[in-house]
Amino acid sequence: MKLNPLPRRAFTLIELLVVIAIIAILIALLLPAVQQAREAARRSNCKNNLKQLGLALHNYHETFGSFTPGLTGTGDGTTHNSVRLSPYFGLLPHFDQANLYNQITGQANQGPNPWTSTTYWDQDITSLLCPSDSAFQNRDRGKASYVFNKGDRSTELENREPERVRGLFGGTNVFRIRDITDGTSNTIAMSEIRMSPSYGGDNEEVYGQVRKSTAGTQSNPSLCIATLASKERYVSGSDGDRLRGDRWADGRPAFTGFQTILPPNAPSCTDSTNSEDPNNAIYSASSAHTGGVHCLFADGAVHFISENIDAGNSSATPPGRVTTASPFGVWGALGTRNCSEVVNFN
């Protein structure tokens with residue numbers, strides 16, 4: 001007797017489409033979670049980078065009795081690096097970059113100026129790069145995501161007189177822990193900036209750029225904010241000649257500095273046509289993280305500061321040669337080292 005084989009069953013087109021739809025829904029549900037986990041890991045890495053820089057600052061302080069100067073260097077300024085190197089230069093041996101430091105100091109006059117292409121100035125240092133900011137590729141010099149606190153003034157950012165420096169890093173001045181009378185836990189040492197993509201030609205709006213020729217911005221910071229639409233909050237330039245974070249070795253505030261005038265993730269502007277103007281400019285902290293920036297405090301702690309932090313009156317004229325309280329709210333107070341503000345930002 002011959003048995004008939006069982007009928008073969010196959011998926012219908014509708015069943016196949018249902019399975020595909022279910023898989024697509026699962027992917028749509030899981031992908032954001034994966035991305036969030038990855039960003040959380042990147043944020044943790046970024047925070048750890050700042051912690052390591054905090055250790056480096058305190059190791060330097062223990063060795064030399066003060067924090068690093070805002071500007072340093074040797075030689076004659078024209079062909080060498082007189083008072084143009086950033087605090088990173090002195091910190092190199094204190095965050096596992098002794099070989100690079102020795103390479104630089106082994107050059108005549110400790111190397112040329114920091115805008116000259118060399119194997120050491122061009123070198124990217126991984127611990128100075130926030131992994132969330134992927135736009136730092138294809139840049140012409142060694143880059144940095146982390147910048148030094150210049151205080152809440154918009155003028156004389158490179159002045160060498162201590163009484164004109166309200167932040168922790170300014171000019172050739174050096175400050176000690178005992179000079180931070182506001183308290184090390186209430187004074188920012190470093191923060192983040194969001195770097196720009198590679199050069200894209202003039203008149204291209206790019207992240208991290210500095211908006212030039214913003215008349216009056218040094219006396220009325222709100223004019224800087226008014227130049228940009230809300231959707232362009234990180235976009236602050238109209239040409240590609242200078243970029244934030246482009247040179248870790250350069251002590252100009254445009255490259256390695258920030259002020260606590262406009263809140264985190266606000267634009268940066270200069271009064272003049274010079275986008276690295278150290279005398280009439282506002283350089284803001286920013287990051288690729290959602291909602292704020294990491295800040296390293298003078299006590300070595302790292303806190304995430306919301307972009308919605310109280311930043312006082314953005315129309316107020318930034319302080320001059322005074323030690324009065326900052327007009328820029330809690331954010332401004334965190335930028336001063338000796339102005340007797342009472343700060344509660346937690």
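Predicted model: local features only at pLDDT ≥ 70, side-chain atom pairs only at ≥ 80, totals over all residues.
User: Let's start inside. Which residues of the largest nonpolar core touch the most other members?

Analyst: The general idea is that in soluble globular proteins, nonpolar side chains tend to be buried together. Here, the largest nonpolar core has 35 residues, and L53, Y88, F95, M190 and W248 touch the most other members. At least two residues each come from α1 (13-64), α2 (88-91), α3 (98-105), β1 (146-149) and β2 (188-192). Helix α1 gives the most, with six residues.

User: What is L53 in contact with, leaving aside its neighbours within four places in sequence?

Analyst: L53 contacts Y88, F95, L128, Y146, M190 and L296. Apart from this core lies another one, of 15 residues, and its members include I188, V293, C295 and V343. C295 has a relative accessible area of 0%, so it counts as buried.

User: Now the cysteines. How many disulfides does a search of the whole structure find?

Analyst: In general, a disulfide is a covalent bond between the sulfur atoms of two cysteines. The search of this whole structure turns up one. The partners are C224 and C269, with their sulfur atoms 2.0 Å apart. The torsion about their S-S bond is about 85°, so this disulfide is right-handed. C224 sits in helix α4 (residues 222-226) and C269 in strand β4 (residues 269-270), so the bond ties together parts 45 residues apart in sequence.

User: Are C224 and C269 buried or exposed?

Analyst: Both C224 and C269 are buried.

User: Let's go to the surface. Which residues form a nonpolar patch there?

Analyst: The patch is made of I14, V18, I22, I25, L26, L29 and L30, and together they have about 720 Å² of accessible area. Take I22 as one case: I22 belongs to helix α1, and its relative accessible area of 47% makes it partly exposed.

User: On to charges. How many salt bridges does the count come to?

Analyst: Eight salt bridges. To read one, look at the closest N and O atoms, then at where the partners sit. R84 pairs with E276, and those atoms are 2.8 Å apart. R84 is in the loop between α1 and α2, while E276 is in the loop between β4 and β5 (281-282), so the pair ties together parts 192 residues apart in sequence.

User: Is R84 buried or exposed?

Analyst: R84 counts as buried, at 12% relative accessibility.

User: What else forms a salt bridge with E276?

Analyst: R252 does, with the closest N and O atoms 2.8 Å apart. This pair also links distant parts of the chain, with R252 in the loop between α4 and α5 (253-256) and E276 in the loop between β4 and β5, 24 residues apart. Both R252 and E276 are buried. Through shared partners, salt bridges join R84, R247, D250, R252 and E276 into one network.

User: And what does D179 form a salt bridge with?

Analyst: With R176, the closest N and O atoms being 3.4 Å apart. D179 is partly exposed, with a relative accessible area of 22%, and R176 is partly exposed at 32%.

Note on methods: Residues numbered from 1 in each chain as written. Heavy atoms only, no water. Core = buried A, V, L, I, M, F, W, Y, C linked by side-chain atoms within 4.5 Å. Buried < 20%, exposed > 50% of the residue type's maximum accessible area, 1.4 Å probe, protein only. Helix = DSSP H or I, 4+ residues; strand = E, 2+ residues; numbered from the N terminus. Contact = heavy atoms within 4.5 Å. Disulfide = S-S within 2.5 Å. Patch = residues over 30% accessible without salt bridge, like charges linked within 9 Å, V, L, I, M, F, W, Y side chains within 5 Å. Areas by Shrake-Rupley, 256 points an atom, 1.4 Å probe, with all protein chains shown as cover. Salt bridge = Lys/Arg side-chain N within 4 Å of Asp/Glu carboxyl O.
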